[in-house]
Amino acid sequence: MERQGQVVALLDASGTFFKPARDAFPDADDGDWARAALLDPGAAGPDGAWRLDFRCFAVARPGGRWVLVDAGVGPAQGPGADWCPVPGRLPQALGEAGIDPADVETVVLTHLHEDHVGWTWGPDGLPCFPDARYVVQRAETRALDPADPVWNWTVEPLRRSGQLHEVDGRHRLATGLDLIPTPGHTPGHQSVLVRQPDGRDVMITGDALVHAVQWGNPAVTYAHERDPDTARLSRRTLLTEAADRGAVLATAHLTRSFVEPVPAP
């Protein structure tokens, strides 16, 4: 288990992406790939495959409570089952970290892709975090097609239960926790800044940064970004803010949980 102050990295799953790395990042050049191989060698699979982790983060709060950022790939019957390495192991990872799901007071969803919402429900059909509010950008829910499987898996049931909380723009979630809009990967993508009084700040990136090729060169676009130009601007802005603050990046899909915003040359 890796930890950066209040922030605990929770590995839900690891697997191989459904397309080769160079197809997923088509505008990266040979120099970008050479640097990425040095920055995150674990991501280089056989025959050009992209090996990635699927990671959530828990943030300790006063009184033994927790904020969870993202909900992983989920159980075998989750919405990401056709491409994600399901079932994930988030429930076990929480147990290993000493986190009771009943103590999770908030789940921040960086965005509404299948590999970030899977543990809304468990394999028994019961809610994984029954006492939590789920916080998402309103722009994200507005843009989601009701035919998307995430709608019926996450959005609609949480609306019915009154647990879905939609916010607009930069938002103070709690003391020391800020939600930062980083659109582009999806219309309402958000990242999370954890301001730590007794240690370095942590910027939880979500999918604003999905591979070391973008860490080494933030201009590199990802084939599955909804708006590549906006995503590129969000990524550069996020990395600049993190560097200016001296913050550590907490990454969802690199094979390293915590990295510096500006990689060493």
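Strand S4 (residues 65-69) and strand S5 run parallel and are joined by four bridges. Strands here are DSSP runs of E with at least two residues, helices are runs of H or I with at least four residues, and both are numbered from the N terminus. Two strands are said to pair if DSSP finds at least two bridges between them. The model is a predicted one, in which local features need pLDDT of at least 70 and side-chain atom pairs count only at pLDDT 80 or more, while totals for chains, interfaces and linings use all residues. Residues are numbered from 1 along each chain as its sequence is written, and side-chain values use heavy atoms, with hydrogens and water left out.

To get from S4 to S5, the chain passes through helix H3 (residues 90-96), making a right-handed β-α-β crossover. Right-handed means that, with the strands pointing away from the viewer, the path from the first strand over the helix to the second runs clockwise. S5 also pairs with strand S6 (residues 133-137), in the parallel sense and over three bridges; here Thr-106 has Arg-133 in S6 as its bridge partner. Strand S5 (residues 104-108) is largely enclosed by the rest of the structure, because four of its five residues are buried. Buried means under 20% relative accessible area, exposed means over 50%, and partly exposed lies in between (1.4 Å probe, protein chains only).

Another sheet can be followed strand by strand. Six strands, in the order S8-S9-S10-S11-S12-S13, form an open sheet with mixed pairing. Its edge strands, S8 (171-174) and S13 (258-259), each pair on one side only. Strand S12 (residues 248-250) pairs with S13 in the antiparallel sense over two bridges, and Ala-250 has Phe-258 in S13 as its bridge partner.

At the N-terminal end, H2 is capped by Asp-29, which has a side-chain oxygen 3.0 Å from the backbone nitrogen of Gly-31.

Charged side chains were examined next. The whole structure contains 14 salt bridges, each being a side-chain nitrogen of Lys or Arg within 4 Å of a carboxyl oxygen of Asp or Glu. One of them joins Asp-53 and Arg-55, with the closest N and O atoms 2.6 Å apart. Asp-53 is buried at 10% relative accessible area, and Arg-55 is buried at 7%. In the salt bridge between Arg-89 and Glu-96, the closest N and O atoms are 2.5 Å apart; Arg-89 is partly exposed at 29%, whereas Glu-96 is exposed at 57%.

Asp-178 and Arg-195 form a further salt bridge, with their closest N and O atoms 3.1 Å apart. Asp-178 lies in strand S9 (residues 177-181) and Arg-195 in the loop between strand S10 (190-194) and strand S11 (202-204), so the pair ties together parts that are 17 residues apart in sequence. Asp-178 is buried at 6% relative accessibility, while Arg-195 is partly exposed at 23%. Finally, Arg-65, Asp-103 and Glu-105 are linked in a network of salt bridges.

Definitions and conventions
Polar contact = N/O pair within 3.5 Å; in protein donor to acceptor, adjacent residues only side chain to side chain.
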